Amino acid sequence: MHYTTLGRTGLRVSVAGLGCGGFSRLGLGTGQSEDHAVGIIRQAMDLGVNLIDTAAVYGTEDVVGKALRGVDRDAVVVCTKASKPAGDATFTVASILDSLDGSLKRLGVDYVDVFQLHAVPPAAYPFVRDEIAPALLREREKGKFRFLGITETAPNDPEQHMLNRALPDGMWDTAMVAFHLMDQVARTQVFPHTLAHKVGTLMMFAVRSIFARPAQLAAAMRDLAATGQVPTWLAESDDPLGFLVHGDGGATSLTDAAYRYVRHEPGVDVVLFGTGDAGHLRANINSILRPALPEADRAKLAELFSHLRGVGLEAPPRRRQP
Ligand SMILES: NC(=O)c1ccc[n+]([C@@H]2O[C@H](COP(=O)([O-])OP(=O)(O)OC[C@H]3O[C@@H](n4cnc5c(N)ncnc54)[C@H](OP(=O)(O)O)[C@@H]3O)[C@@H](O)[C@H]2O)c1
């Protein structure tokens, strides 16, 4: 494993972080057992992963708590989140403070390392900054968490207005950011701010579903070509990004390309990967530890996709539970 410093938190963290949400939720999202999910977390830790990201809303805090039993608390960086209720409801101070206390109980810890406001839409940001953050900082004084973070709602904020506005405000120690091969907006909207203010960065959506499902990628290319956003040759192939897979330091697979692409972007600290599959777990860590994609491939990806907005952020079609 390689380790880095998570911005101004000073925490030493593995460059590969285990995401306990996404569509897999450690396998719970595809019908695997809690024991299986605990096993995924333990295997990640055995491979040197020391940053675990969960959220009250994921339903995985209990299994993270089980996996952490008997583990030296100082050896792991536990990140969790509190959300606004679903639908049109807004954030409230009381529900966020309740969520923090609930997370501590479910995780079975005295404190979390990074407590994050989850999926904050631009319109909610002023309330989050003026009411919720001050209330949370008072909870930090009680020792309930060490650092305050914020995460975006990428499908609803593809231009990343919320993070662009929030990061200079000074209270956010970490930011969770969407960034991938075909969504390069953060390079101009977010990373200049995180670098200037030493905000630690956690990347989500490196693979998401678009790079895990070849048919979804091919369909997205056809839609983009039909509206003139990408060249037509990309829509004529079942494997439009196959040019990234080659010898001479090229990628070994599309998911390998996707994780390596994100890992080596200047401004990236931790690449989160979400999986319920032990084989994917090992493959993804190996990819995150490999060198950057060749410069010619990175240049081609910038030329082809850096103008795109909001691509590949959505959820996949719902899978039936076995
Ligand atoms: N707003 C927010 O705060 C927010 C939103 C979303 C996510 N997140 C965080 O970011 C983390 C990452 O989420 P993500 O959805 O973006 O995950 P991701 O790592 O980009 O993609 C995970 C998806 O790709 C599949 N996959 C992973 N490795 C693979 C491989 N080697 N080959 C083929 N398929 C593979 C997984 O299924 P398998 O189980 O089959 O591997 C899963 O469906 C989450 O767990 C969560 O911690 C935060």
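Predicted model: local features only at pLDDT ≥ 70, side-chain atom pairs only at ≥ 80, totals over all residues.

Me: Is G249 buried, exposed or partly exposed?

Reply: Read the relative accessible area. Buried means under 20%, and exposed means over 50%. G249 has a value of 43%, so it is partly exposed.

Me: Now aromatic pairs. How many does a search of the whole structure find?

Reply: The search finds five. To classify a pair, take the angle between the ring planes: under 30 degrees is stacked, over 60 is edge-to-face, and the rest are tilted. Take F115 and F145: the ring centres are 5.7 Å apart and the planes stand at 40 degrees, so this pair is tilted.

Me: Which parts does the pair of F115 and F145 tie together?

Reply: Place each residue in its element. F115 lies in strand β6 (residues 112-120) and F145 in strand β7 (residues 145-152), so the pair ties together parts that are 30 residues apart in sequence. Both F115 and F145 are buried.

Me: What kind of aromatic pair do F179 and Y261 form?

Reply: A stacked one. The distance is 5.7 Å centre to centre, with 10 degrees between the planes. F179 sits in the loop between β8 (174-178) and α6 (186-189), and Y261 in helix α9 (residues 254-263). The pair links distant parts of the chain, 82 residues apart. F179 and Y261 are both buried. Together with F191, they form one aromatic cluster.

Me: Step back to the fold. How many helices and strands are there in the chain?

Reply: Eleven helices and ten strands. For overall packing, compare the radius of gyration with the globule rule. The chain has 19 Å, close to the 20 Å the rule gives for 322 residues, so it is as compact as a globular protein of that length. Of the 322 residues, 53% count as buried.

Me: What share of contacts between residues at least 6 apart in sequence join residues at least 24 apart?

Reply: Sort the contacts by sequence separation. In this chain the share is 76%.

Me: And the charges?

Reply: Compare their mean positions. Those of the 33 positive and 36 negative charges are 3 Å apart.

Definitions and conventions: Residues numbered from 1 in each chain as written. Heavy atoms only, no water. Helix = DSSP H or I, 4+ residues; strand = E, 2+ residues; numbered from the N terminus. Rg over C-alpha atoms; globule rule 2.2 N^0.38 Å. Buried < 20%, exposed > 50% of the residue type's maximum accessible area, 1.4 Å probe, protein only. Contact = heavy atoms within 4.5 Å. Lys, Arg positive; Asp, Glu negative; His and termini not counted. Charge placed at Lys NZ, Arg CZ, Asp CG, Glu CD. Phe/Tyr/Trp six-rings, centres within 6.5 Å; stacked < 30°, edge-to-face > 60°.
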